[in-house]
Amino acid sequence: MELQITWFVLWGVLWAVYFMLDGFVFGTGMLHNILARTDGEKRVLINTIGPVWDGNEVWLITAGGATFAAFPTTYALMFSYLYTALLLLLFSLIVRGVSFEFRGKLEGEGWKKAWDVAIQVSNFLPALLFGVAFGNIFKGLPMDAAGYQGSFISLLNPYGLLTGVLFVLLFTVHGALWLSVKTVGDLSARAKGIADKTWPALLVVAVAFLAYTKFATKLFDNYLANPILFVVPVIAVAALAGIRVLSAKGATLAAFAASCVTVLSVVATGVVGLFPNLIPSSIDPAYSLTIFNSSSSPYTLKIMTIVAFIFVPIVIIYKIWVYRVFRAPVTEEDVLGNKQAY
Amino acid sequence: MDVLTLSRLQFAATTMFHFIFVPLTLGLSILTAYMETRYVRTGDETYLKMTKFWGKLFLINFALGVVTGITQEFQFGMNWAEYSRYVGDIFGAPLAIEATVAFFLESVFIGVWIFGWNKVSKVTHAISIWLVAIATNLSALWILLANGWMQNPVGYVLRNGRAEMVDFMAVVTNPYGIIKFVHTVSSGYMVAAFFVMGISAWHLLRKNQVDFFVRSFRMGAVFGLLGVVLVLLSGDFHAVEIAKTQPTKFAAMESVWETKRGVGMNLLILPDPKNECNAVEKICIPNMVSLLAFHDPNSEIKGLKDFPKEMRPPVQATFWSFRIMVGLGSFTALAVLAAVILSMMKSLEKRTLFLQIMLLSLPLPYLAAQLGWIVAEMGRQPWIVYGVLKTSEGVSKAVTSPQVIGSLVGFTLIYSLLGAIDIYLLAKYARKGPDDDLSGIIKPTTVKGA
């Protein structure tokens, strides 16, 4: 019982950290052709995320692996029910990974143009699809005794799409702030400009999302039962406002920190509302996948808990070290100076 | 075609594609780390040039290994939901542990290695690539423990309508998994050794940078020797483990139909599954199969006829894959011995015929590794978990044929395109040879913004 709750919390944390870290990579990729004006600037953009994107993506693999190990029934049903959506996600992530690596490997104009398009699309699609997927999970999937009654098209409902747009805008702001911190001069100023210009749209969509959530989902039931939990969405709203305030002061690093907190708390808001469901059934709660009816045995959960509590802190320590090593902004000079750079 | 056949086809195609890139990563990471270590210890710039040149090829190959790996984790849930649900309690754990323990380490320190030339000390930089090498091999360990469990399930009970883990230590010390790990990673060392020797041979045949490529070749040869010893030893123990735990696979590998003692090995043999016998059996080494199976020349081998037809694996595929793998293994072992001896002698660059052979042999360990997986996976059929769950019972219920056709087409298109680009880039940079200008790499600048 306690272990299932522990793993629910860990599951939420893994997803939240994943979106915080890969979110600014998605944002950077989505802005690739919008923000950068020259080939040199494009290379700078890719190289800001160069040392970290792969490590960030592993949080997704760990979130997937943790779902498999701790909640195998949910893993099995979620992945087979969302087959087409996950496939598109998978293709995007495959293309994204090689596009960072391959773009700088040949000189041709057409070659670079093709990868520029690939970078843009393969970062936009996952941001959208993750939003759509989580929107539908918040809402519940049409599951009953016979299995899944929906389709890929039925995932593209207004609430799912709104969540998709929320993710895209959130990661755009998040990525733009990352770039304003990680680049210098005019490029950095333009990145900040994009963050500032996108923020009002993000605010509107976030408000619409919260309002729509009240009608489309049962997420608020947990909050109404335990009003203390409202602290989570309040943090999300405060952090979102903080982005604006801090950016206006020119404190871009602090604004980026605020957008990190925004991403974490937006995901937390959804996850807290889901408890104890992992995927609610929109047909009948009796068919919901919960942490109790879809978890691994207590023995497996115990082993996995030991592994997680030993290794996750180690991972966090060396990841912090890496972010410190690469804390300096990236310049065109740096990119030209390292022949193994992207 | 039905969902089962399509899903099997897709899993085979994506896994085999993934495994084009993995073996080289396993071996070349170690070789690159060794080269950089030599540079740090001796200060000899040739080693730095070697690190850079082979490291670049390593990275081009690595990129595709990484991205095709995500498919593997997703596919268990997407196409094999019933399998995942049934065995997730025990099979999910090694996958999650792999990500936490190995995958993070690998992906974080590869970033330090690529981008850290001017940001961390020489020693830290060399440690980074060692951590990548260790993590890649550790990653293989967890994956092969997971696969080892599918081959020889241990440490579980059937309870609550699924397989539940009761003994984690049994899973991580499963002899089948451990032996398979050694066999697989050492076959990866062979791939890397032949990759380095083959490309070096290409340059030596053209008398390019002779010193650089003779030294690279020699390093590849010695590493190959390590690989050969491990492959052969683990291969021998692997056969014993299979004979003990998977009699149907073993019988199919050797095409043994009748159960008897002291089975001999026919060098020429043609299986005839229709008539449940061998059409040709010539040049017999007495008692050899029994000896290989149980290290006892008079041991009894169970023949395929002892098992109902629907419980037998596809004999032709298993038999031929095994035979050709062993043939390739033997040939490459001899080639490595010759390579070690000839590369220690003077003027390797003048041994044109030998260098040509080594160039043409470059793909052979790749082929052997692929065939090894066919033996492992085809030979396990009709089981997905040997003796516990049939492959046909593991497939997703919620997935339809059109969906899998769509994904199979998608994978084929994307993988072919990326595979072609990757091989093109590898060939391009391999031909280009080492870069003499080291300015972009050892610029001893202080860390900016400190």
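Two residues are in contact here if their C-beta atoms, placed from the backbone, lie within 7 Å. With that in hand, look at helices α6(B) and α12(B): B:S187, B:M190, B:V191 and B:F194 of α6(B) meet B:L364, B:P365, B:Y366, B:A368, B:A369 and B:G372 of α12(B). Helices (H or I, at least four residues) and strands (E, at least two) are DSSP runs, numbered from the N terminus. Sorted by class, that contact has 8 nonpolar, 2 polar and no charged residues. For the classes, Ala, Val, Leu, Ile, Met, Phe, Trp, Tyr, Cys and Pro count as nonpolar, Asp, Glu, Lys and Arg as charged, and the others, Gly among them, as polar.

Some housekeeping before going on. This is a predicted model, in which local features need pLDDT of at least 70 and side-chain atom pairs count only at pLDDT 80 or more, while totals for chains, interfaces and linings use all residues. Residues are numbered from 1 along each chain as its sequence is written, and chains are lettered from A and ligands numbered from 1 in the order in which they are written.

Axes are lines fitted to C-alpha atoms, for helices over the stretch in contact, and angles run from 0 to 180 degrees between N-to-C directions.

| Helix pair | Residues | Angle | Axis distance |
|---|---|---|---|
| α1(B) and α4(B) | 3-42 and 122-151 | about 160° | 9 Å |
| α6(B) and α12(B) | 175-205 and 364-378 | roughly 160° | within 8 Å |

Given its angle, the α1(B) and α4(B) pair is roughly antiparallel, and so is the pair of α6(B) and α12(B). The cut-offs are under 35 degrees for roughly parallel, over 145 for roughly antiparallel, 65 to 115 for roughly perpendicular, and oblique for the rest. As for handedness, α1(B) passes α4(B) in a left-handed crossing, and the crossing of α6(B) and α12(B) is left-handed too. Left-handed says that the near helix is turned anticlockwise from the far one by less than a right angle, and right-handed that it is turned clockwise.

On the α1(B) side, the residues that make the contact with α4(B) include B:T25, B:L26, B:S29 and B:I30, and those of α4(B) include B:W130, B:V132 and B:A133. This contact has 11 nonpolar, 6 polar and 2 charged residues.

**Where the chains meet**

Between the chains, 61 residues of chain A are in contact with 59 residues of chain B. On the chain A side, α4 (53-70), α5 (72-81), α6 (83-102), β2 (147-148) and α14 (298-325) each supply at least two residues. The most comes from α14(A), with 13 residues. By class, this side of chain A has 39 nonpolar, 16 polar and 6 charged residues.

Beyond its neighbours within four places in sequence, A:G64 is in contact with B:E73 and B:F74. A:G64 counts as buried because it has 26 C-beta neighbours inside 10 Å.

In chain A, the bond from A:F275 to A:P276 is cis, with omega near 0°, and A:P276 sits in the loop between α13 (252-274) and β3 (277-279). In chain B, the bond from B:Q381 to B:P382 is cis, with omega near 5°, and B:P382 is in the loop between α12 and β7 (383-385).

Positive phi turns up in chain B as well. B:I283, not a glycine, has phi near 50°; this residue is in strand β5 (residues 277-285) of chain B. B:I283 has 10 C-beta neighbours inside 10 Å, so it counts as exposed. B:H295, also not a glycine, has a positive phi of about 55° and sits in the loop between α9 (288-294) and β6 (300-301) of chain B. With 13 C-beta neighbours inside 10 Å, B:H295 counts as partly exposed.

**Confidence**

The model scores ipTM 0.92 and pTM 0.93. pLDDT is the predictor's confidence in each residue, from 0 to 100. Chain A has a mean pLDDT of 93, with 99% of its residues at 70 or more, and chain B averages 92, with 97% scoring at least 70. Among the elements of chain B, β5(B) has the lowest mean pLDDT (87) and α6(B) the highest (97). Over residues 442-450 of chain B the pLDDT is below 50, and this stretch has 10 contacts in the model beyond near neighbours in sequence.

Note on methods:
A residue is buried if 20 or more other C-beta atoms lie within 10 Å of its own, exposed if 12 or fewer, and partly exposed in between; C-beta atoms are placed from the backbone.
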